[in-house]
Amino acid sequence: MGKLFIGWMWLMSHLPLSVLRGLGWLMGRVLFYLVPSRRRIALRNLELCFPEATAAQRRDWAKESFVVFCQTWLDRSWLWFAPQKTLEKRTRMTGALEELEGDTPTIIFAPHFYSMDAGGTALTIHCSRPFTSIFSTQPNADVDAWIRKGRQRFGDVRMLNRDDGIKPIIASLRKDHGLLYLLPDMDFGPSDSLFVPYFGQVAATIPSLSRFARLGKAKVIGMYTRLTPQGYEVTISPAWQDFPSDDVVADTTRQNRELEAQIRTMVPQYYWVHKRFKTRPEGEPSLYS
């Protein structure tokens, strides 16, 4: 099944972008109704994070979110199969690009917008520095190998399994003076998490951004990737000032605040189908009942 899926994605890579996006729009609209469990999660997350919005607005955001999810998944076909010149034409990097230069250990805060793989691929094309990314193993071995191969297609990319621990991560920052692509904005359970504010709620948040920056003596920059009609726009932020501090709770709160600001600029493009508030402080009821 995995090989059939990869073959289908190879075929998709030959379609014009407009056709691929149209197919993604259709798939997203269908999935919104066919996958009620994820639809409910998305709507609940939007209700928790944007209580001031109308129910109709939140439903429109959720519908568009399913569309963007499908469009970005289909786009992985050309991201990982098409010639490099196609990717250079369809991905645009903007912002504080000078932050990617030099040899200062650098952590890239790259939260779970649906376009994250497009951003990572663009980075490997436009930046020559060693680049480390952390991955989770996929259930299907063929698909897992295809994803890892796609993410390592260009540049000097090292993939570390999440289960490998922090030692190789810190070594890549200290010894290689490279870039670490970090996505610490999901709910990974109560272990090692802090409960800090996020869109007016408290959310279990892993403090790895602050801790890795301190241990690796690294600066932190943001990278936010937006789906556009022409492809993708990848924006690099200036290095965060006074980060990390000596207060990991304050740092992790700031991480969520920085993420909130970016989400507000492109609400439907964030990963709303994940139960971000699943882990609750002891004694608090579930927010998804």
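In this predicted model, Pro-197 has Val-202 in E7 as its bridge partner. The strands concerned are E6 (residues 194–198) and E7 (residues 201–205), which run antiparallel and are joined by five bridges.

**The hairpin of E6 and E7**
- Two residues lie between the strands of the hairpin formed by E6 and E7, and in this hairpin Phe-199 takes a positive phi near 50°.

- Strands of a sheet pair through backbone hydrogen bonds, in either a parallel or an antiparallel sense.
- An open sheet is formed by seven strands in the order E1-E9-E8-E2-E5-E3-E4, with mixed pairing.
- Strand E1 (91–95) and strand E4 (157–161) are the edge strands of this sheet, each of them pairing on one side only.
- On average, and with direction ignored, neighbouring strands of this sheet are turned by 25° against each other.
- Within the order given, strand E8 (residues 219–228) pairs with strand E9 (residues 231–236) in the antiparallel sense over six bridges, and Thr-225 has Val-234 in E9 as its bridge partner.

- Asp-75 lies in helix H4, which covers residues 55–81.
- Asp-75 counts as buried because its relative accessible area is 0%, and buried means under 20%.
- The side chains of Asp-75 and Arg-21 are joined by a polar contact of 2.8 Å.
- When neighbours within four places in sequence are left aside, Asp-75 is in contact with Leu-17, Leu-20, Arg-21, Leu-227 and Tyr-232.

Definitions and conventions: Residues numbered from 1 in each chain as written. Predicted model: local features only at pLDDT ≥ 70, side-chain atom pairs only at ≥ 80, totals over all residues. Heavy atoms only, no water. Helix = DSSP H or I, 4+ residues; strand = E, 2+ residues; numbered from the N terminus. Buried < 20%, exposed > 50% of the residue type's maximum accessible area, 1.4 Å probe, protein only. Polar contact = N/O pair within 3.5 Å; in protein donor to acceptor, adjacent residues only side chain to side chain. Contact = heavy atoms within 4.5 Å. Pairing = 2+ DSSP bridges. Axes fitted to C-alpha atoms, helices over the stretch in contact; angles between N-to-C directions.
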